[in-house]
Amino acid sequence: MTKINRNPATAAQSSYDVIIIGGGIYGVMLSLEASRRNLRSLLIEKADFGGATSYNSLRIVHGGFRYLQNLDLERFYESVGERKWFLKTFPELVKPLSCLMPLYNKGIRRPPILYTALKLNDALSINRNQGIRPDRHLPPGEVIKSEQVKTHFPTVDPQGLTGGAIWHDACMPDSQRLVIGILRWACSLGATALNYVEAKEILKVNQTVSGVLAEDKITGETQEFQAKIVVNAAGPWCRELAAKFDQDVPNLFYKSIAWNILFDRETLSDFALAVEPKKPNAQTYFLHPWKGRLLAGTIHNPWFKEIKVNPNPEPSEISEFIDNLNLAIPGLNLSKTEIIRVFSGLLPGEKPDSNELAVREVILNHQTLNQGIKGLYSVSGVKFTTARLVAEKTIQQIFPNFPSVNPTETAPPEAQRPQGLYDYHWYPQPELSDWKTELQDIIENEAVQHLDDLILRRTSLGDNPKRALKIAPLVCQLFNWDDQKSKQEIQRLECFYQTCGMEELTIKS
């Protein structure tokens with residue numbers, strides 16, 4: 001049985017082929033791709049795994065349909081291939097998602113244009129279902145009549161409606177389990193992963209990497225970890241780390257914020273909806289029917305403040321977003337009071353002060369810089385969907401002589417198992433033990449250090465914030481904590497929700 005075994009002192013006794021800094025989806029995928037090539041890898045993360053941008057997505061595994069608009073076939077093929085990898089490798093955690101766009105004979109939203117685009121999408125992704133479990137197959141797209149649109153989406157704006165376009169993508173309802181599953185797979189292949197261990201300094205000899213000096217944030221102890229290669233995959237912090245360890249490289253990460261809002265409103269359709277307010281230069285918004293709730297996004301804006309785990313958009317931006325959704329769907333009447341929480345994270349922009357996302361990843365060999373350090377690499381990626389591919393490119397660039405992995409290799413059962421996942425309105429029954437056994441298994445095998453690790457990033461208990469805080473004292477009983485420690489951990493969870501714009505939410509709710 002595989003597990004994530006957190007023991008920094010023991011890990012420091014070994015040497016590694018590569019040390020990866022950053023435990024988001026890019027660092028986790030780097031750990032997996034290194035381990036699949038029999039490279040000895042160590043991943044260190046200053047907080048918990050998957051706790052920043054990786055946690056705050058719209059939970060969609062995009063297949064690249066939108067790239068056909070600009071005929072960006074390279075990105076299209078990459079996205080289709082990686083979506084297929086997720087559906088094939090993690091069928092219990094990734095599933096098909098049907099998408100519907102109402103058409104109004106305006107711009108590209110015309111039935112003939114979308115019909116052609118859907119046919120092209122299907123033709124270029126003809127092998128999308130090859131080797132995938134039948135219940136995870138993606139059907140071909142289609143254009144439907146306006147009356148069918150109204151059946152699937154009863155509150156659609158009927159004025160000028162000429163039909164609808166349907167295509168099929170994939171989604172990861174519990175992306176946090178996916179991150180942990182990938183990491184457990186890496187560890188089963190020999191990787192070592194340490195959360196709450198912060199890289200403080202690059203160790204080097206004659207401008208050549210020899211390892212990392214890191215601090216255990218749980219005990220305060222420092223350890224030296226030995227490796228000739230270090231990859232900085234710290235997500236929003238990658239540029240800061242590059243500057244700290246070597247030198248500033250601006251195009252590694254131009255700060256921008258991406259955010260989605262979960263509303264306390266039942267979903268409007270079984271389809272993910274692509275809607276657009278009827279006004280000039282309007283943006284298309286996606287409404288994801290996530291666990292029966294309305295999850296809407298994604299908005300991109302420049303970010304001018306310091307880097308944070310949960311960077312909140314401005315209140316005026318949220319108000320504008322809600323106004324636009326109400327314009328797009330007559331009678332929706334959403335309000336700020338219905339916000340359950342904001343999912344927000346920082347992503348690399350295309351240029352400084354831009355609301356356009358970067359188009360491509362950056363894989364930087366610091367040795368190519370003026371007086372750069374040999375053996376230090378920095379990676380900045382854009383999409384959750386293509387993180388594995390970027391990791392593969394990075395490992396192949398650093399270790400060109402290592403053989404490629406067997407593409408038929410699959411994750412072990414422990415990595416694929418959808419454990420700790422409960423319905424949105426589920427509450428534990430204290431007299432039953434099944435849920436306790438399941439959570440204790442997660443605590444013991446997945447490096448859980450804090451209550452919020454378990455509730456937010458190992459299970460779905462945190463999806464419903466009021467439920468999470470109400471059951472927090474009961475969950476604390478699963479740990480070997482005294483009353484004071486339990487109180488501190490509950491306050492830590494409350495603090496997290498407050499940083500998501502939920503100041504009024506307390507344990508009493």
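**Figure 1. Helix α2 lies across strands β2 (18-21), β3 and β12.** The direction of α2 makes about 170° with that of β3; angles run from 0 to 180 degrees between N-to-C directions, with axes fitted to C-alpha atoms, for helices over the stretch in contact. Helix α7 (residues 238-245) also packs on the sheet, where α7 touches β2, β12 and β19 and runs at about 165° to β19. Helices (H or I, at least four residues) and strands (E, at least two) are DSSP runs numbered from the N terminus. This is a predicted model, in which local features need pLDDT of at least 70 and side-chain atom pairs count only at pLDDT 80 or more, while totals for chains, interfaces and linings use all residues. Residues are numbered from 1 along each chain as its sequence is written, and side-chain values use heavy atoms, with hydrogens and water left out.

**Figure 2. Six strands form an open sheet of mixed pairing.** The strand order is β8-β3-β2-β12-β19-β18. From one strand to the next, the twist averages 15°. Strands β12 (residues 230-232) and β19 (residues 376-380) run parallel and are joined by three bridges; two strands pair if DSSP finds at least two bridges between them. Opposite Val231 stands Tyr377 in β19.

**Figure 3. Tyr26 lies in helix α2 (residues 25-35).** Tyr26 counts as buried because its relative accessibility is 13%; buried means under 20% relative accessible area, exposed over 50%, and partly exposed in between (1.4 Å probe, protein chains only). Leaving out residues up to four places away in sequence, Tyr26 touches Gly381, Val382, Lys383, Thr386, Ala387 and Val390; contact means heavy atoms within 4.5 Å.

**Figure 4. Ser41 is placed in strand β3 (residues 41-45).** With a relative accessibility of 0%, Ser41 counts as buried. Its side chain makes a polar contact with the side chain of Ser35 (3.5 Å). A polar contact is a pair of N or O atoms within 3.5 Å; within protein, one must be able to donate a hydrogen and the other to accept it, and residues adjacent in sequence count only if both atoms are side-chain atoms. Not counting residues up to four places away in sequence, Ser41 touches residues including Tyr16, Val18, Ile20, Ala191 and Thr192.

**Figure 5. Strand β10 (residues 208-216) runs antiparallel to strand β9 (residues 197-205) and to strand β11 (residues 222-227).** Eight bridges join β9 to β10, and five join β10 to β11. Leu203 stands opposite Gly211 in β10, and Val212 has Phe225 in β11 as its bridge partner. The hairpin of β9 and β10 has two residues between the strands, and Asn206 takes a positive phi near 55°. The hairpin of β10 and β11 has five residues between the strands, with Gly220 in the turn at a positive phi of about 85°.

**Figure 6. The largest nonpolar core has 64 residues.** A nonpolar core is a set of buried Ala, Val, Leu, Ile, Met, Phe, Trp, Tyr and Cys residues joined through side-chain atoms within 4.5 Å. Ile44, Val212, Phe225, Phe263, Leu287, Phe321 and Leu325 touch the most other members. Helix α8 (residues 315-328) gives the most to this core, with five residues. A second, separate core of 51 residues includes Ala272, Leu295, Ile340 and Cys500.
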